[in-house]
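Hello,

Here is the structure I promised to pass on to you.

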Amino acid sequence: MSFAPNLPLIRLLVVKDWQLFQKQLAAYVLAGIIALALLGLAKPWAFHLGATLLLVVLVAAACFAISTSLLVERKEQTLAFVMSLPVTPLDFTLAKLAGNLLTFGVPYLVLLGGTAMVILGTPIPDGFVVFAVLVFGHVLLAYGLSLAVAMRVESEGWNTFVMIASMVLVNPFIMVIGQIDAIAGPARTDAITWSAPALAILAAQILLFALAIAWTAWSLGRRPAFY
Amino acid sequence: MIPAFAVQSLSKRYPHFALEDVSLSLQPGTVMGLVGANGAGKTTLLRLLSGLAAPDAGTVEVLGHRLPEAQADARREVGLASEDMRLYRGRSLDWHIDLVRQIFPSWDDDYAATLVRRFDLKPQQTLGGYSHGQRVKALLLLCLARRPKLLLLDEPTTGLDPVARLEVLEALADVLRDERRSVLFSSHNTADVEQLADRIAFLHAGRLVADADKESFLDQWRRVLCLGAAPPTLAAWPEVAAVRSAGSQVEVRVRAWREDLSDRLAAAGLRVERVDPMSLEEIFVTAVRTGGAA
């Protein structure tokens, strides 16, 4: 059994996923830009409204990417068409992961960059960037865990539970990091301070995300067949 | 000559179903109809033949490729379409053609254009606007235009209206004229199988019940209507598949008809009134009820 991925075919399948979902993801980016514009007004009401809308857009984009490329494809039986092509489980797994990371990654990075620019370019304290990055880090981790579960578990109920549970945890996460002085304190100043707790949380988020994706690629890519 | 496929002692077990000890092969240029009721194991066998599923025991070779190890190589030469396979509703047939063309170097643009006209499909229209029959035809087009050496079709005519079914069967009949191409298609519709297949395999409850040329099935099976009292040992005769009595009438279903059987029945006290050929459906039903055809 060959474990060499067929890169041209994987690229084709990634482009296919991008073509299928690009319009909807552009709509999420547009909604995110509206949220950022509200944040940029730098007024308390606009800040809260913009931050809430931005979180909603991020969570929705993450859930959309996973549900359309995996859950809906399973439900609508288009996965059977993809599997009828000359793909191995490794090609399929890598293509699904890469396609999903691309379709979510593009709006995610656009909104992350936009958030940083808004914070740095408006009267919002520059130190808030660290707080915002940690919140984005939580969404990335929740997305990675949801994607790993969706790749492995066919049950729609379990997938919905994991997606909602992990994303909703962003609220307690914000409350927790808001209680950490080393993170909450500098967020109110213009100094961008990457304190030890902030770096530790960010490192843990990135590590767990990478582990979830790597474990999924390794475990599913080694299967001899799809069924 | 390398067979189109060959499976040996094949088994695949799921929690509530098992395909057990199936050995079957198909010579190049042959059309095999795989007949079985729902849940007989047809889809499982086709998944094993396309490398989508790995066997628990036994071997699978398709066009000389060992599966599932060489599944990608095999699927480059195999066209697979199943009743539960769907195309992307939000995209057009042209979009699908463009995707499949990039993957299969053997893609035949002229043949694809011919099939588009023959199936009366609108290539720019999104598939969400297609009827079920049109979607099946679009899927078949995507399979056929890549010019596969082996076609694996799982219930290709299920759910089609009579017109669409006829069009699909006619297109398949055209494809089957190519003597180099081998086809395995599954169906629970014995009329479709009788129309297209050279060879027929019966699958029932995960086991291969029979596998023979269509002509030998039709030549060997007979329904013999007799008058008299059936001797108790009649059902045990090796060539007799089933015996049914109604009053003085006895219907004997024979799996291996020979001219001297009439004399033997007469010697056993039965007067033969009629000897009729059996349809494939009758043969199938009798074979699965009696557990074998040969």
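**Around a tryptophan in chain B**

Leaving aside residues up to four places away in sequence, B:Trp237 touches B:Leu261, B:Arg264, B:Leu265 and B:Ala268, where contact means heavy atoms within 4.5 Å. B:Trp237 sits in the loop between β11 (222–227) and β12 (240–246) of chain B; helices (H or I, at least four residues) and strands (E, at least two) are DSSP runs, numbered from the N terminus. B:Trp237 counts as buried because its relative accessible area is 15%; buried means under 20%, exposed over 50% and partly exposed in between, with a 1.4 Å probe and protein chains only. From B:Asp198, 39 residues away along the chain, B:Trp237 is separated by 29 Å between C-alpha atoms.

Before going on, please keep in mind that this is a predicted model: local features need pLDDT of at least 70, side-chain atom pairs count only at pLDDT 80 or more, and totals for chains, interfaces and linings use all residues. Residues are numbered from 1 along each chain as its sequence is written, chains are lettered from A and ligands numbered from 1 in the order in which they are written, and side-chain values use heavy atoms, with hydrogens and water left out.

**Chain B as a whole**

Chain B has 10 helices and 14 strands, and its C-alpha atoms fill a box of roughly 70 × 40 × 35 Å along the principal axes. Of its 294 residues, 53% count as buried. Among the contacts in chain B with a separation of 6 or more, 70% are between residues 24 or more positions apart.

Helix α1 (residues 42–49) of chain B is mostly covered, with 6 of its 8 residues buried. Those are B:Lys42, B:Thr44, B:Leu45, B:Leu46, B:Leu48 and B:Leu49. After α1(B) comes B:Gly51, which has a positive phi near 80 degrees.

Residues up to four places away in sequence aside, A:Thr216 touches A:Thr93, A:Leu97, A:Ala148, A:Met151 and A:Gly221.

A:Trp194 lies in the loop between α8 (181–187) and α9 (196–221) of chain A. With 33% relative accessibility, A:Trp194 is therefore classed as partly exposed.

Best wishes
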